[in-house]
Amino acid sequence: MKNTLELKVDSQRPEKEKINVAAEIIKKGGLVAFPTETVYGLGADALNSKAILALFKAKKRPMDNPPIIHVGSVRAVDKLVKKMPPEAEVLMRHFWPGPLTLIFERSDIVPTVTVAGLETVAIRMPNHKVALALLRKSGCPIAAPSANLAGKPSPTTAQHVLDDLDGRIDAILDAGPTKIGVESTVLDITAKPPQILRPGGTPYEKLKKIVGRVKLHPAAVAEKEVSIEKARSPGLKHKHYAPKAEMVIVEGAESNVIGRAKELIESYRQRGYNVGVLATDETVSYYEADVVKSLGSRSNLEIVARNLFKLLREFDLENVNIIIAEGIPAKGLGLAIMNRLRKASGYKIVKANNR
Ligand code: TXA
Ligand code: MG
């Protein structure tokens, strides 16, 4: 067990001394959790193989699932990639700093462990003052997967990080809850046309406006698990975001969803289950169950995204055996939200049709 150093830091004006302490740890090969605009990341020097091995170990992350490399400037990308495709420059100009990760062909300076043996590398510039200050002070690219134990929902607060990793990492920079709440969109620009491997904080519709054609990888929209061979992004094939209780997603038009969810709640309760419901503000009053939580209004998906992982983690503290979750339309941020919910359920999806 390590003694994890907790550094509370101002999200708008990060205190220099605290950033210096965290940067020194990164430079020496240590592990520091830090906030980004999406979720908290667990950072290590991306060019230090030993540090990266420790990173995988701390998270209990499978070695075949590479982390995203974070940079503090567009220029810092050059030495990490083989070539700079013209569409990358356009995308970086429009969306960085921000929740968009780009897949490039990698250069030789990126250690094999950092990319899990792949010839490509995932890079993004986060839009958070603390993350950017840490990157600048450390002077190296920082590999940072989400700062959760593998398989758990990504952390949107420092407390979530500590719940999973206290004693396993050197330090955490705590700047309060993250703004977006779901991870970055992963866009493979080595594919023609560019392909979204993971929907996230930058919506598909916005990317399309800038680059014209964008494909969605089948796994990104999957309602069922895609086969491992088809999962081009290694993370797609691993268990993810799962709460302890079993989870079922009810998808369809709002009015049908309420009816079908109520039937399911009733039938599980009759079988003696403690039932939890993950609803929305518009529907929450329709349900009677052991625990009912609302993600927020269907008309404000930014709030729904921000609450999603927090509520999934909160259900772990409740005495429920099953969670019935409402689906929402997979548009805009809704695509990322539904991707995480479907994964969290292990693709246990019930279609609520007109009957
Ligand atoms: O918002 C985010 O992206 C957060 C914050 C901390 O920046 N990070 C994050 O990292 O979610 P992580 O490691 O939990 O997810 C990285 C995803 C995984 O699905 C991984 O398989 C994929 O990116 N990935 C990494 N390198 C890749 C590569 N070379 N080709 C395809 N997919 C890759
Ligand atoms: Mg993750």
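Alanine 116 is partly exposed, with a relative accessible area of 22%; buried means under 20% relative accessible area, exposed over 50% and partly exposed in between, with a 1.4 Å probe and protein chains only. The model is predicted, so local features need pLDDT of at least 70 and side-chain atom pairs count only at pLDDT 80 or more, while totals for chains, interfaces and linings use all residues. Residues are numbered from 1 along each chain as its sequence is written, chains are lettered from A and ligands numbered from 1 in the order in which they are written, and side-chain values use heavy atoms, leaving out hydrogens and water.

Alanine 116 has a positive phi of about 50° although it is not a glycine. This residue lies in the loop between S5 and strand S6 (120–124). Helices (H or I, at least four residues) and strands (E, at least two) are DSSP runs, numbered from the N terminus. Most residues other than glycine have a negative phi, and most peptide bonds are trans. Tyrosine 347 also has a positive phi, near 65°. It is found in the loop between helix H10 (333–344) and S16, and at 16% relative accessibility it counts as buried.

Two cis peptide bonds come next. One joins tryptophan 96 and proline 97, with omega about -10°; proline 97 lies in the loop between helix H3 (86–95) and strand S5 (100–105). Another joins lysine 192 and proline 193, with omega about -10°, and proline 193 is in the loop between S9 and S10.

Strand S9 (residues 185–188) and strand S10 (residues 195–198) run antiparallel and are joined by 3 bridges; two strands pair if DSSP finds at least two bridges between them. Valine 186 has arginine 198 in S10 as its bridge partner. S10 also pairs with strand S11 (residues 215–216), in the parallel sense over 2 bridges, and here the bridge partner of glutamine 195 is lysine 215. With helix H6 (residues 204–211), S10 and S11 make a right-handed β-α-β unit. A crossover is right-handed if, with the strands pointing away from the viewer, the path from the first strand over the helix to the second runs clockwise.

The protein is divided into domain 1 (5–220) and domain 2 (246–352), with bounds from an automatic or database domain assignment. Their centres, taken over C-alpha atoms, are separated by 29 Å.
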